[in-house]
Amino acid sequence: MKLPRTARRGIQAGVALTIVTSLAACAGGADPEQSGQGGEGGTTVSFRSWSPIEQTTRQMIDAFTTANPDVTIDATIFNYPEYVVDLQTRASSGTMPDLVGLQPGALTQQYRENLMPLEDCAAETWGDDWESKFFPIGLEQARMGNPEGDEHYYALPLLVQTVNLWANSDLLDEAGIEPPATWADLESAVDTLGGGSAAPFLLPAKDSWLRNVVFLQIANNIEPGLVYQAESGEASWTDPAVVEAFTYWQKLFTDGIAQQGALALDAYPNGVNQFEAGNAAMIPLGAWWIQQSDPSRSDIPPLSQGMEGYEPFLFPTIPGGAPEPQLVGGIDVALGISKDAKNPDLACQVLTDWIAGDGAQVLINTFNDLPAVQGLDPEEFTSDKQQEMWKTFTEDWMPEVQYSRYFESPNIDTAVADALSAVAAGQSTPEEAAASVQAVQDGLG
C-alpha cells in the first residue's frame, strides 16, 4: 500500500496508500467474474491488490503482455482498507481474483482455504531448488501462521524490506557526527543537532505500524527473539527484558530524543515530507525509502536525487543488550493464486514473472522496494551512492534478517501498538504496558 512515490505504510497498519485505480482499460480488461475466459485465442488473468502502486503495476503488466500478446491482465489497485473489504466480499461470493496481494500471517491465513499451494508452480518454473532463490526471511514469513504440519506456501513474496533508520547525511556531516551506532551515540547526536532548525530525530509515532517496528528493533537489540517467544507463549510479556524494551521506547519521549508532539505526527505524508524537505536529521523508516530516487520521477527533490542526501543505518545498540544491531524486516507484499482460478497455469506464469522475470525487472527498476529473490538488481543506477546503498540492502542486510517486522497475531499487534501509545503519552508505565499485552496474550488461550 503506497501513495505515489512519497507514501508507504506498515503492512499491518491498514493505512490507505493508493487511490482505487482500475488498470483494465490499459490492459484490455475483463469482468473479474469471467477471469480466465479472454477473447479469441487469448486468456485473462485478474489481479487485485493494494500494492504495487498503479503506475508500477501497469509497467509489470506491459512487460508480461508484450511477451504474451494473447494474454489480458485485468488489474485493480485499491486503498488498503478498501482492498480488504473487496477481497472479503469476493471470497464469500466465489469471485476471488486469480492473483491476490497478501500480507504474511493474518491476511494469508484468513484466505488460506481459498488459495492454491504454490510449491508446484515454483518448482515447475525455477526447479526443485527454487527456495534458494529467495531471501530466507521472505519464505519464513510466507508460511507464518500455517497450522502445525502444514508446510505449504499459499503466498510467495514479491517484495521484501528491512526496517531501519535513515539519516540526512548533509545535516550529520555539517554537525561533524556519524550515524549513531549506540544509544549513547544517539543521545549525543540529538544533543549536538538540537540547536539547529531541523528536528534531530523525527518520530512519526501516530502510526501503529511505525510504533511497532521501532519497538521491535529496540526489543531485538535488547534480547534477540524474546518478543516472538512471548507471543508464542514460550516467554512472558512481563519478562524484565521486554519491560526494558518498553522503557527504552519511553526514553525516546522522556529524554527528549523524539520531537514534541510525536504522537500527532503520521509517517505518510507528513513525516516523510518533512524528512525529504530537509527538516529532520534522522527518521525511522525502512529500505523502501530508496524508492524516493526512482529515476522515472520527474520531481525528485535534491536530497533524493541518487539518494545523495541520505544514509541508512541500523537501530543503535542498547546498553547490556546484543553487541551488534539485530536486523528486522520481512515481506512488503506477497502474491497468491485463487483455487478458483480458471487458468492456474497462466496465473502461475504471471506470478513467477512478476517475482523473478521481466515484470520483476521493471518493478525493481523503479526502486519500489527490495526484490524477494536474490541477485535481481535495477538495470540502471543514477549515482554511485544509490548503487552502494542498494548493495547494502540486498547483499549485506537482507540475507542476514532473522527477526520479523510483524507480529503473527493481529490481536497482539494491536495490543503492542496501543501499549506503546499509552507509554508515549505518559498514561502507562513500561511495567503496566507489558502487563496489558500479557493480558491480551492470556485471553487468546
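Tutor: Helices (H or I, at least four residues) and strands (E, at least two) are DSSP runs, numbered from the N terminus. This is a predicted model, in which local features need pLDDT of at least 70 and side-chain atom pairs count only at pLDDT 80 or more, while totals for chains, interfaces and linings use all residues. Residues are numbered from 1 along each chain as its sequence is written, and side-chain values use heavy atoms, with hydrogens and water left out.

Student: In which element or loop does glutamine 103 lie, and is glutamine 103 buried or exposed?

Tutor: Glutamine 103 is found in the loop between strand E4 (99-102) and helix H4 (106-110). Buried means under 20% relative accessible area, exposed over 50% and partly exposed in between (1.4 Å probe, protein chains only). Because its relative accessible area is 3%, glutamine 103 is buried.

Student: Which side chain does the side chain of glutamine 103 join in a polar contact?

Tutor: A polar contact is a pair of N or O atoms within 3.5 Å; within protein, one must be able to donate a hydrogen and the other to accept it, and residues adjacent in sequence count only if both atoms are side-chain atoms. At 2.3 Å, the partner of the glutamine 103 side chain in such a contact is that of tyrosine 80.

Student: Into which domains is the chain divided, and how far apart do their C-alpha centres lie?

Tutor: The bounds come from an automatic or database domain assignment. Domain 1 covers 43-158 + 332-391, and domain 2 covers 162-328 + 405-443. Between the C-alpha centres of domain 1 and domain 2 the distance is 28 Å.

Student: What area do domain 1 and domain 2 bury between them?

Tutor: Buried area is the accessible area (1.4 Å probe) that two parts lose on being put together, summed over both. Of the area between domain 1 and domain 2, 60% is on carbon and sulfur atoms, and the area itself is about 1600 Å².

Student: Which residue forms a salt bridge with glutamate 311?

Tutor: A salt bridge is a side-chain nitrogen of Lys or Arg within 4 Å of a carboxyl oxygen of Asp or Glu, and across the interface of domain 1 and domain 2 the rule finds 1. With the closest N and O atoms 3.8 Å apart, glutamate 311 forms a salt bridge with lysine 385.
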